[in-house]
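Good morning, and thank you for joining.

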Amino acid sequence: MFEKHCQTCGIEVDKKTAPKRFGRYFCSEDHSQQYLKKKEEYEKRMEEEERKHPRRRGGCC
Ligand SMILES: [Zn+2]
């Protein structure tokens with residue numbers, strides 16, 4: 001899908017001038033950094049969750 005909106009604040013961006021990061025457009029460098037930070041936090045949280053509650057692989061026994 002082709003997003004033309006800033007992934008942080010949702011404002012419409014001009015794809016000719018908007019900074020593109022990670023295949024997404026942002027209204028400013030600042031918001032691309034914010035998005036990256038949020039993404040990293042989310043991934044860290046998911047990792048922690050998995051450590052706390054390890055998914056069982058391959059069923060029982
Ligand atoms: Zn923005």
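Let me begin with a definition: a nonpolar core is a set of buried Ala, Val, Leu, Ile, Met, Phe, Trp, Tyr and Cys residues joined through C-beta atoms within 7 Å. Buried here means that 20 or more other C-beta atoms lie within 10 Å of a residue's own; exposed means 12 or fewer, partly exposed covers the range in between, and C-beta atoms are placed from the backbone.

Two remarks on the source. The model is predicted: local features need pLDDT of at least 70, side-chain atom pairs count only at pLDDT 80 or more, and totals for chains, interfaces and linings use all residues. Residues are numbered from 1 along each chain as its sequence is written.

The largest nonpolar core consists of six residues: Cys6, Val13, Ala18, Tyr25, Phe26 and Cys27. In soluble globular proteins, nonpolar side chains tend to be buried together. Cys27 has contacts (C-beta atoms, placed from the backbone, within 7 Å) with Cys6, Cys9, Ile11, Val13 and Ala18, leaving aside residues up to four places away in sequence.

Across the 61 residues of the protein, 15% are buried. The protein has one helix and two strands, in the order β-β-α from the N terminus. Helices (H or I, at least four residues) and strands (E, at least two) are DSSP runs, numbered from the N terminus.

What does the helix look like? Helix H1 has 24 residues and spans 35 Å from its first C-alpha to its last, close to the 34 Å expected at 1.5 Å a residue; the expected span is 1.5 Å times one less than the number of residues. Two of the 24 residues of H1 are buried, so the helix lies largely in the open.

Ser32 lies in H1, residues 29-52. Why does Ser32 count as buried? Ser32 is classed that way because it has 21 C-beta neighbours inside 10 Å. Not counting residues up to four places away in sequence, Ser32 touches Pro19, Arg21 and Phe26.

Phe22 sits in the loop between S1 and strand S2 (24-25). Its phi is near 55°, a positive value in a residue other than glycine. Phe22 is exposed, with 10 other C-beta atoms within 10 Å.

Finally, confidence. The mean pLDDT, the predictor's confidence in each residue from 0 to 100, is 88 for the protein, and 85% of the residues score at least 70.

Notes
Contact = placed C-beta atoms within 7 Å.
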